[in-house]
Amino acid sequence: INMLATGNTINECHILNMCALNTTFPRIPSETISRETYLDLIDQQFAENKVLCVSGQKGAGVTMTLAMFAMRHSMECVSYFNYGLSRMELSSKTIEDCLTKQLMLYIDGDVSKYEEINMRSIMYKALRRAKSQHRYIYFVIDGFATVPADSKEILRDILAPWFSNENIRFL
């Protein structure tokens, strides 16, 4: 928990999880349509599948469903949401920095040590932790269906080293 306090008063209190560290994470409205059935189905499908694709027409709620899945697994889910607002969102450095910061929380439980670290250099630690705890690390990636091919290649290059690991799941 991160708290901002002055004197004896706590002004703000934020639960620190991987979603809170993600600068691309969508704002979830206080009132939303329940997606628990879909989230349960996704969890069940991950027992047998490493990669699941969720699609729908614009406005159908796919991004919100993915965000809710990430919140459900907020201490072991690395996510990136592309809104198509700028080319900077699609740069390898921007994507890697966002994912790496989340992984640092997963590994150490502390992001104050975060510096620009190559994501591949922390992959071993993250995988070792997931394996020792018999848990998955989830990657939720959204908004890349309609991006240019070179941007898809950037994402592929970042995520490809993770694919061969049994404790990794992609949504």
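Student: Which helix gives the largest share of the lining of the second largest pocket?
Tutor: Helix 2 does, with four residues. Keep in mind that this is a predicted model.

Student: Which helices supply at least two residues of that lining?
Tutor: Helix 2 (36-45) and helix 3.

Student: What volume does the second largest pocket have?
Tutor: About 270 Å³. Of the 14 residues that line the second largest pocket, Tyr38, Ile42, Val54, Val62 and Thr65 are the closest to its centre.

Student: How does that lining divide by class?
Tutor: Nine residues are nonpolar, four are polar and one is charged.

Student: OK, now the largest pocket. What is its volume?
Tutor: About 940 Å³. The lining of the largest pocket has 36 residues.

Student: Which of them lie nearest the centre?
Tutor: Ile141, Asp142, Gly143, Phe144 and Ala145.

Student: And which elements supply at least two residues each?
Tutor: Helix 3 (62-72), strand 4 (137-142) and helix 6 (149-159). Helix 3 gives the most, with four residues.

Student: What about the classes there?
Tutor: The lining of the largest pocket has 21 nonpolar, 11 polar and four charged residues.

Student: Helix 3 keeps coming up. Why is helix 3 described as largely enclosed by the rest of the structure?
Tutor: Because eight of its 11 residues are buried.

Student: Which ones?
Tutor: In helix 3, the buried residues are Val62, Met64, Thr65, Leu66, Ala67, Met68, Phe69 and Ala70. Val62 and Thr65 are also among the residues closest to the centre of the second largest pocket.

Student: What do the buried residues of helix 3 pack against?
Tutor: Helix 1, helix 2, strand 3 (77-81) and strand 4.

Student: Let's look at Arg35. Is Arg35 buried or exposed?
Tutor: Arg35 counts as buried, at 11% relative accessibility. Arg35 lies in the loop between helix 1 and helix 2.

Student: What is Arg35 in contact with, leaving aside neighbours within four places in sequence?
Tutor: Gly61, Met64, Thr65 and Met68. Met64, Thr65 and Met68 are among the buried residues of helix 3.

Student: How far apart are Arg35 and Phe69, C-alpha to C-alpha?
Tutor: 9.1 Å in space, and 34 residues apart in sequence.

Student: Where is Asn22?
Tutor: Asn22 is in the loop between helix 1 (18-21) and helix 2. Asn22 is buried, with a relative accessible area of 4%.

Student: Which residues does Asn22 contact, leaving aside neighbours within four places in sequence?
Tutor: Ser79, Tyr80, Phe81, Cys98 and Gln102.

Student: Switching to Lys101. Where is Lys101 found?
Tutor: In helix 4. Lys101 counts as partly exposed, at 30% relative accessibility.

Student: Is the crossing of helix 4 and helix 6 left-handed or right-handed?
Tutor: Right-handed.

Student: Which residues meet there?
Tutor: Ser92, Ile95, Glu96 and Leu99 in helix 4 meet Ile154, Leu155, Ile158 and Leu159 in helix 6. By class, this contact of helix 4 with helix 6 has six nonpolar residues, one polar and one charged.

Student: What is the phi of His134?
Tutor: Positive, about 55°, although His134 is not a glycine. His134 is found in the loop between helix 5 (119-132) and strand 4.

Student: Is His134 buried or exposed?
Tutor: His134 is exposed, with a relative accessible area of 72%.

Student: Zooming out, how many helices and strands are in the protein?
Tutor: Six helices and five strands. From the N terminus on, the elements run β-β-α-α-α-β-α-α-β-α-β.

Student: What share of the residues count as buried?
Tutor: 40% of the 171 residues.

Student: Last one. What share of the contacts with a separation of 6 or more comes from residues 24 or more positions apart?
Tutor: Such residues account for 68% of those contacts.

How values were computed: Residues are numbered from 1 along each chain as its sequence is written. This is a predicted model: local features need pLDDT of at least 70, side-chain atom pairs count only at pLDDT 80 or more; totals for chains, interfaces and linings use all residues. Side-chain values use heavy atoms; hydrogens and water are left out. On a 1 Å grid over the protein atoms alone, a cavity is a set of points where a 1.4 Å probe fits but cannot get out, and a pocket is an open set with protein on both sides within 12 Å along at least five of seven lines; lining residues have an atom within 4 Å of a point. Grid points are joined across faces, edges and corners, and a volume is the space filled by probe spheres set on the points. Ala, Val, Leu, Ile, Met, Phe, Trp, Tyr, Cys and Pro count as nonpolar, Asp, Glu, Lys and Arg as charged, and the others, Gly among them, as polar. A crossing is left-handed if the near helix is turned anticlockwise from the far one by less than a right angle, and right-handed if clockwise. Contact means heavy atoms within 4.5 Å. Buried means under 20% relative accessible area, exposed over 50%, partly exposed in between (1.4 Å probe, protein chains only).
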